[in-house]
Each structure stands twice: as C-alpha cells, then as structure tokens.
Amino acid sequence: MKQDIFNDLEDFWKNLPNAGEVSTFWQDIEKEVPNCIDAVILQDDMFDTVGMASIMLYRMREHNMKVPVFYLIGDYNPLLKCENTEKMRNIALNLGIKNINIRSYNIPEMKDRIAFFKKELEGKKVAFVTSLVRYLPLKFALESLSKNCETYFNVANETLEDALTWVNCNAAGGGLVLLHKIATWYLASGLLPESFKGYVHLNLWQKMQIKFSVMLHQHRIEVETALMLRNYQRLFRKRNWAY
C-alpha cells in the first residue's frame with residue numbers, strides 16, 4: 001500500500017466512532033448483564049464477530065437467559081474458496097454455539113439482507129454484531145428496520161492493525177481487500193475519502209495482486225484463524241465456560 005493511501009486510511013480510522021459509545025447491547029462485558037434478545041445477526045464482514053457472539057452466549061447462560069437464534073448471513077468468498085457462512089458456522093461450533101441455535105443464509109446483496117431482516121425479525125429484539133468499520137454503513141442501512149424490530153449493536157473495538165489481518169484476507173494485496181470493502185460500504189454514505197473512490201472497482205492488476213497474495217499466504221491465513229480460535233477458547237477456560 002502506498003504511504004499516502006495508508007496515511008489516509010489511518011486518518012479515516014481515527015474518525016470512526018468509538019466502539020464503546022455506539023455499542024448499545026453492552027459496553028462492559030465484565031459487569032453488565034446482556035439484554036434479553038431473540039436473535040443475534042452475524043454478517044461476513046469479520047469472522048471475529050462469531051467470537052464476540054460466543055461471549056454474549058456464555059454471559060446469557062450465566063444468568064439463565066433464553067439462548068437466542070444466531071443468524072449467519074454471508075456470501076461466497078472467492079479468496080478463501082468457500083461460503084463465508086460455512087466458515088462462520090465452523091467457528092461458532094468450535095466456540096460452543098450449538099448447531100440447533102444456528103441459521104445460515106447466503107444473501108450477497110445488502111438490500112436483499114434488509115428485506116430478509118424485515119420479514120424474519122418482525123417484532124423481535126435483535127443484536128447486530130459488527131466490525132467497527134462496518135458499523136456506520138450497517139446503521140444507515142438498518143434505519144428502515146426501526147418499525148419492525150428492536151435493534152441493538154455490539155461493535156468490535158478494533159484498531160486498524162486488527163482489521164488488516166489474514167483471517168478475512170483484509171491484508172491481501174497490501175491491504176487492497178480492506179480498501180475495496182471500505183470503498184464499497186461507504187460510497188453511498190458521503191463519508192468516503194476522495195482518495196478511496198478509485199477502489200470501488202478494482203482493475204485487473206489489483207485483482208491479480210490480491211489473488212497471488214492470498215496464494216502466498218495460505219499458511220498464514222490458517223495460523224491466524226487457529227490463533228483467533230485458541231484465544232477465545234483460552235478466555236472461556238479462564239472463566240470456566242464449557243465450549
């Protein structure tokens with residue numbers, strides 16, 4: 001990634017909302033009891049949201065609360081050559097979310113996801129678990145849901161370095177994947193920096209950079225994914241949470 005673009009990315013990240021201030025589900029997992037909800041929505045913007053949802057699950061179990069339904073919403077991932085929902089399901093099962101509580105749906109377009117949410121979540125209390133960078137576009141997209149369901153957000157407290165990982169291939173192509181996601185998600189919001197607009201549609205050379213980068217880092221993708229799982233499992237063992 002060119003230094004000037006990286007500097008713009010750092011400035012963009014500094015202007016994102018504070019995760020603790022915009023998380024309406026809870027801010028302090030050590031002291032707060034989760035809200036009683038009917039459904040948790042996990043989308044394929046960041047696989048680590050499955051770990052966040054698992055923490056919610058165990059805290060609910062501690063307080064004998066009803067276990068919500070976990071909706072996994074995703075699309076086919078050409079970089080990892082798999083359905084994102086299947087990868088999310090595997091992570092969820094490894095972290096203790098039971099198969100009986102999981103619903104998976106492959107829905108590529110956000111407009112179709114919103115239509116699905118309106119139909120499926122009518123009258124329910126719902127927590128959307130999201131990466132920090134996806135929060136604002138998601139919040140704007142969900143405004144039309146306000147009359148359909150009671151909506152909460154659990155937003156990841158992630159740094160730019162956290163986002164530029166290989167678990168979601170965001171680091172591929174020197175960060176091109178993350179730039180493309182930001183450009184796509186923020187284009188309609190009016191919040192996209194001018195220098196990022198060229199990343200809405202990647203050219204052939206950029207696509208080739210990403211493809212070869214992923215090929216070269218297959219082992220690193222596996223290692224970082226396994227490390228993410230182990231970190232959550234270590235946390236659960238420390239708290240005597242069975243998974």
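Two aromatic rings of Phe, Tyr or Trp (its six-membered ring) are taken as a pair if their centres lie within 6.5 Å, and the pair is called stacked when the planes are under 30 degrees apart, edge-to-face when they are over 60, and tilted for the rest. By that rule, a search of the whole structure finds 15 aromatic pairs. The structure is a predicted model, in which local features need pLDDT of at least 70 and side-chain atom pairs count only at pLDDT 80 or more, while totals for chains, interfaces and linings use all residues. Residues are numbered from 1 along each chain as its sequence is written, and side-chain values use heavy atoms, with hydrogens and water left out.

One of these pairs joins Tyr 71 and Phe 116, whose ring centres are 6.2 Å apart with planes at 70°, so the pair is edge-to-face. Because Tyr 71 lies in strand S2 (residues 69–74) and Phe 116 in helix H5, the pair ties together parts that are 45 residues apart in sequence; helices (H or I, at least four residues) and strands (E, at least two) are DSSP runs numbered from the N terminus. Tyr 71 is buried, with a relative accessible area of 3%, and Phe 116 counts as buried at 16%, where buried means under 20%, exposed over 50% and partly exposed in between (1.4 Å probe, protein chains only).

Within it, Val 126 has Thr 151 of S7 as its bridge partner.

The structure also has pockets, a pocket being an open set of points on a 1 Å grid over the protein atoms alone, where a 1.4 Å probe fits, with protein on both sides within 12 Å along at least five of seven lines; lining residues have an atom within 4 Å of a point. The largest pocket holds about 1,300 Å³ of space, a volume being the space filled by probe spheres set on the points, which are joined across faces, edges and corners. Of its 38 lining residues, the closest to the centre are Asp 75, Pro 78, His 180, Lys 181 and Thr 184. Helix H5 (110–120) is among the elements that give two or more residues to this lining.

The second largest pocket has a volume of about 830 Å³. The largest share of its lining, 6 residues, comes from H10.

Conventions: Two strands pair if DSSP finds at least two bridges between them.
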